[in-house]
Amino acid sequence: MTSEKANKGYLYGIVLVATLGGLLFGYDTAVISGAEKGLQAYFLGAEGFQYTDFMHGLTSSSALIGCVIGAMLSGMLALRLGRKKALIVAGMLFFVSALGSMNPEFLFFQKGHPTLGLLWMFNIYRVIGGMGVGLASAICPMYIGEVAPANKRGMLVSWNQFAIIFGQLVVYFVNFLILGEHTNPVIEQIGRGVNAVAAGSDPWTIQTGWRYMFGSEAVPAALFTLLICFVPESPRYLVMAGKDDKALDTLAKINGFSHAQAILADIKSTITVKKERLMTYGWMCVFIGVMLSVFQQVVGINAVLYYAPRIFGDMGMTNPMFNTVMMGVVNILFTLVAIFTVEKWGRKPLLITGSLGMALGAFGVATTFGVTGLQLVTMISIMLYSASFMFSWGPICWVLIAEIFPNTIRSAAVAIAVAAQWVFNFVVSSTFVPMFNMHLTPGDHFGHWFTYGLYGVMCLVAALFVWRLVPETKGKTLEDMSRLWRKKGGRQ
């Protein structure tokens, strides 16, 4: 007999498993922060080629190439395989990447002898992991959004952002524990863009330490791949695949039988075919989704998350890593703010408030960076900037991307939006250091002021965009979005 009572434990259990994909997303993107110096030192010892700063920059960010590829493939895989099987593929990619990055010499190269071919192989494994990130970043919030009841969807999708930030914090501590009493190698510049390992650098970190850091990801990757096999397929996908009985069974466990029947009828009323053309509901629907992703990146947050130790060091802080960990704790706390307020305050108020807070923080950094005696103000401004992102654009962007698109175009539209996000992630990450280091006169702080001033302006533009164009989705079902976009200009 089917229960009339919703099973909250069942719902929270399957969402918790799905958020492990978010944790791996954060883990994979942040693991490089602890491993990159040892990795750089390892390839500086190569024979036959000179490992330059340019090569190291590409190696450190090569996973982002995979992120774009994975995001672009996510729509096709989510539609053809289903959300669940696509997440299993993502887990397998994470696992292969972790082991391959730890031991890139496997089968083809001699261990301990860096070569140009080995560098290519290492980057291939990192791209494979990036593909897993791209898939997980698109499909995890999509899956959670499709299984969650309307009144809990924003909160549950926000769990995914919490998992991303938590995954970053976890890997900071894992890297710290792996390093232990060892030290990162000292890299000395011997020419423009050319470096060498300083004498006396710890050989363990050069030959072994970075391997353990990359390999540590295999544990959560294996756990995620195993557990995702036991969660149900998304009921929205099951209806599109013509499996109404299975969809009803899952919906009944989550919502209770009577409510599940009503939800199933609503889903079926908005799904006439398995897939519709991307612009069936008008171009504005896709444009808003893509621009949400673009603004999440051009506000500049990853310039802080990826380069925090460098920024705090340039500020004159005595312990940049401690400041970075403190910022990570603040990020976790303010992500919780979004989780507990998104269903009360709505999506738009959080995005607008966060944009204004970020703008204030960015302008604070721009006007105080490098000014003697104002380091504390700069530090507070960076924390405000980061914290404002964490209760707004961090989680809420994913919430909206998961719920704003109609059922029949969701997989394709989410893929485009998330691919755009990774492209602009790469743009912001790759332009930060050159902009940050710009000088009009020797020793001035023009680049610091310009960079954060630009990010502050982007935050204000983002607030205006949300206020004028983004619809409020609080309390609406996913099927309501089909009706909303048809009314706004899609074909009837």
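The model is predicted, with local features requiring pLDDT of at least 70 and side-chain atom pairs counted only at pLDDT 80 or more, whereas totals for chains, interfaces and linings use all residues. Residues are numbered from 1 along each chain as its sequence is written, and side-chain values use heavy atoms, with hydrogens and water left out.

A pair of aromatic rings is described by the distance of the centres and the angle of the planes. Here, rings of Phe, Tyr and Trp (its six-membered ring) pair if their centres lie within 6.5 Å, and planes under 30 degrees apart count as stacked, over 60 as edge-to-face and the rest as tilted. The structure holds 16 aromatic pairs. In one of them, the ring centres of Phe-295 and Phe-465 are 5.1 Å apart and the planes stand at 35°, so this pair is tilted. Phe-295 belongs to helix α11 (residues 283-298) and Phe-465 to helix α19 (residues 446-469), so the pair ties together parts 170 residues apart in sequence. Helices are DSSP runs (H or I, at least four residues), numbered from the N terminus. Both Phe-295 and Phe-465 are buried, where buried means under 20% relative accessible area, exposed over 50% and partly exposed in between (1.4 Å probe, protein chains only).

Tyr-385 and Tyr-452 form an edge-to-face pair, because their ring centres are 6.1 Å apart and their planes are at 75°. This pair also links distant parts of the chain, with Tyr-385 in helix α16 (residues 375-390) and Tyr-452 in helix α19, 67 residues apart. Tyr-385 and Tyr-452 are both buried. Helix α16 itself has 16 residues and reaches 23 Å from its first C-alpha to its last, close to the 22 Å expected at 1.5 Å a residue; the expected span is 1.5 Å times one less than the number of residues. Its buried residues include Thr-378, Ile-382, Tyr-385 and Phe-389.

Elsewhere, ring pairs join Tyr-42, Phe-43, Tyr-51, Phe-122, Trp-210 and Phe-214 into a cluster. The charged end of Arg-211 sits over the ring of Tyr-42, 5.3 Å from its centre, and that of Arg-468 sits over the ring of Trp-467 at 5.5 Å. A charge sits over a ring if NZ of Lys or CZ of Arg is within 6 Å of the ring centre and within 35 degrees of the ring normal.

Turning to the cysteines, a disulfide is a pair of cysteine sulfur atoms within 2.5 Å, and the count comes to zero. The sulfur of Cys-229 lies 14 Å from the closest cysteine sulfur, in Cys-140, too far for a bond. For Cys-397, the closest cysteine sulfur is in Cys-459, 13 Å away and likewise too far. Cys-229 is partly exposed at 37% relative accessibility, whereas Cys-397 is buried at 0%.

Asn-7, in the segment before α1 (8-44), is partly exposed at 38% relative accessibility. Leaving aside neighbours within four places in sequence, Asn-7 is in contact (heavy atoms within 4.5 Å) with Lys-253 and Ile-254. Thr-19 is found in helix α1 and is buried at 6% relative accessibility. Not counting residues up to four places away in sequence, Thr-19 touches Ile-144, Trp-159, Asn-160 and Ala-163.

Note on methods: Helices (H or I, at least four residues) and strands (E, at least two) are DSSP runs, numbered from the N terminus.
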